[in-house]
Amino acid sequence: MVVLYYFFQDIGTLQILCAVLLLFFLIVVSATWKTSPFRMPPGPFPLPIIGNLHILDLKRLDKSLEKLSKKYGNVFTLTFGTTKSMVVLGYEAAHDVLVNHADEFAERPMLKSFQKVTNGKGLIFSHGDEWKTMRRFALSTLRDFGMGKTTIEDRIHKEAEMLIKEIEAHKGQPFYDRWLMNSCTGNVICSIILGKRFDYHDPIFVKLIQIVSQNVKLLGCPAVQLYNIFPFLGFLFGAPNILFRNMQEQRKFFVEFLKLNRQTVNENDIRSYADAFMLKQQEEMKKPDNYFDEENLLVSTMNLFSAGLETTSSTLQWAFLMMIKYPEMQKKVQEEIDEVVGNSRLPTLEDRKIMPYTDAVIHEVQRFCNIVTLPLMRETTCDTNFRGYFLSKGTRVLIPLSSILFDKTQWESPEKFTPSHFLDAHGKFIKKAAFLPFSAGRRVCLGESLAKAESFLLFTALIQKFTFYPAPGVTSEELDLKPDVGATSTPQYHLMCAVPRN
Ligand code: HEM
């Protein structure tokens, strides 16, 4: 020390040297320590407290991430507040995460808003073994109710007929389709989970649907995302409080419904997912590690209702808007329906196999309209090595689906709406690996096959019966394709006309 003191006569220089040595030591320790942020992919330098928030547009996080990828590549790190997340874009890197490392990236982050509305229960925001048990049960029960089989058709056809009647009642006059599509897809899922369909005008059903639509918008809004990053500032944001109030209201309805349902459960007549869950509860009652509790029954039923309603309804709304925008495509779909199905019966899932053009149109709607806009949110289940980087257990991962559905390396003209993305030179339907609107891997959409059946059967049933036009005074060219964005994307409110064919 004495030597050092004489060496650094000036005490200020000694202090600076100590500080530099300390900083160097910290960097070395961090870089070699296994949970170090220095071993995550590089990314923009974070500011204290806010991290990288100053360079993000939280209204369109997917677009912001795509912009940043131009500078930082397809895998980079972003800091939200003080939490680091790995961002992954494009088909190749996303496939690597979702499929090649399926088990390592199968968790959901415990975001404050999700935790508060679900208590970490149910299907979408649940964790670990509890999630696995709930997911396995839901998949097998939904299959028992026809999901993934042709038996689902009757249920969807019944709802298609109701929808046709509602549209006929407008007698070719302009109407808004959003509420009709929400009611239709809401009823398909209610018939499975609650064993009941509702009249489209039933005030309770109308309210439930409004709540789901509003919440899906709120989940994607900047205030809720800021609340997730800085929960202690919750009192400053209005949106999370509306979200929580809505959830309370939705909860109240489902609690009441399930209470009444329990009184009539009969193991010889299983009417719904709720019935099956209640019977499973009796079976599992005495087992240790029993996850079939009341909260999981309630939250998983509410999850299926919300997830099953909004996304499928948005797909249909986009599909009809595209048909109005591109009348020549609508005509080709109608010609294919006339040729394969005729007009004396409703189209079936078996017909889809020989209706390549219609199938391609629906696929292109799902690609181009990018229904789930909020990036996929995953978390590592264990310490993970990925592409030379180290991610400790619990590291968050964000994957915007738009970066896959618009990936220039996978699609000929990603920015153009063209069903030919799914057709070969002979007009035969072709599958595309980068068609991942339902995601992939362990947490892939649980309702994928139901959603696919609904999109095809409802779309073709309506196009068979009606020709869709813009409201009088609006030309096809003038139709606005700007999305109304939340966690999902829907078309802006717009009027349309449905004129019965023959
Ligand atoms: C066109 C309609 C639909 C689209 C585009 C869609 C898309 C998605 C996406 C992107 C995810 C996230 C997957 C991930 O994190 O990797 C998801 C999850 C989920 N979806 Fe869907 N979905 C649709 C319809 C449905 C339907 C009809 C149901 C109900 C039967 C449903 C139930 C769920 C559930 C429960 C999850 C959470 C899965 C989990 O975390 O294990 N979805 N969906």
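A: Axes here are lines fitted to C-alpha atoms, for helices over the stretch in contact, and angles run from 0 to 180 degrees between N-to-C directions. Helices (H or I, at least four residues) and strands (E, at least two) are DSSP runs, numbered from the N terminus. The model is predicted, so local features need pLDDT of at least 70 and side-chain atom pairs count only at pLDDT 80 or more, while totals for chains, interfaces and linings use all residues. Residues are numbered from 1 along each chain as its sequence is written, and side-chain values use heavy atoms, with hydrogens and water left out.

Two packed helices are described by the angle between their axes and the distance between the axes. For helix H16 (residues 356–369) and helix H18 (residues 448–465), the axes come within 11 Å and cross at roughly 115°. The crossing of H16 with H18 is right-handed; a crossing is left-handed if the near helix is turned anticlockwise from the far one by less than a right angle, and right-handed if clockwise. On the H16 side, Thr358, Val361 and Ile362 meet Ser455, Phe456, Phe459 and Thr460 of H18, where contact means heavy atoms within 4.5 Å. Four residues of this contact are nonpolar, three are polar and none is charged. In this count Ala, Val, Leu, Ile, Met, Phe, Trp, Tyr, Cys and Pro are nonpolar, Asp, Glu, Lys and Arg are charged, and the others, Gly among them, are polar.

Phe456 of H18 also has Arg352 over its face, at 5.5 Å from the ring centre. A charge sits over a ring if NZ of Lys or CZ of Arg is within 6 Å of the ring centre and within 35 degrees of the ring normal. Arg367 lies in the same way over the face of Trp411, at 5.3 Å from the ring centre.

H16 also holds Phe368, which counts as buried at 19% relative accessibility. Buried means under 20% relative accessible area, exposed over 50%, and partly exposed in between (1.4 Å probe, protein chains only). Leaving aside neighbours within four places in sequence, Phe368 is in contact with Met322, Phe406, Pro414, Glu415, Lys416, Phe417 and Leu481. Its C-alpha atom is separated by 8.7 Å from that of Ser402, 34 residues apart along the chain.

The loop between helix H17 (402–405) and H18 contains Ser439. Phi of Ser439 is near 70°, a positive value in a residue other than glycine, and Ser439 is buried at 9% relative accessibility. Most residues other than glycine have a negative phi. Arg387 also has a positive phi, of about 50°, and is found in the loop between strand S5 (384–386) and strand S6 (389–391). At 40% relative accessibility, Arg387 is partly exposed.

Turning to ring pairs, a search of the whole structure finds 26 aromatic pairs. Rings of Phe, Tyr and Trp (its six-membered ring) pair if their centres lie within 6.5 Å; planes under 30 degrees apart count as stacked, over 60 as edge-to-face and the rest as tilted. One of the pairs is Tyr227 with Phe244, edge-to-face at 5.6 Å centre to centre and 65° between the planes. Tyr227 lies in helix H10 (residues 222–229) and Phe244 in helix H11 (residues 239–262), so the pair ties together parts that are 17 residues apart in sequence. Tyr227 is buried at 5%, and Phe244 is buried at 11%. Phe466 and Phe468 also pair edge-to-face, at 6.1 Å centre to centre with 65° between the planes, and both are buried.
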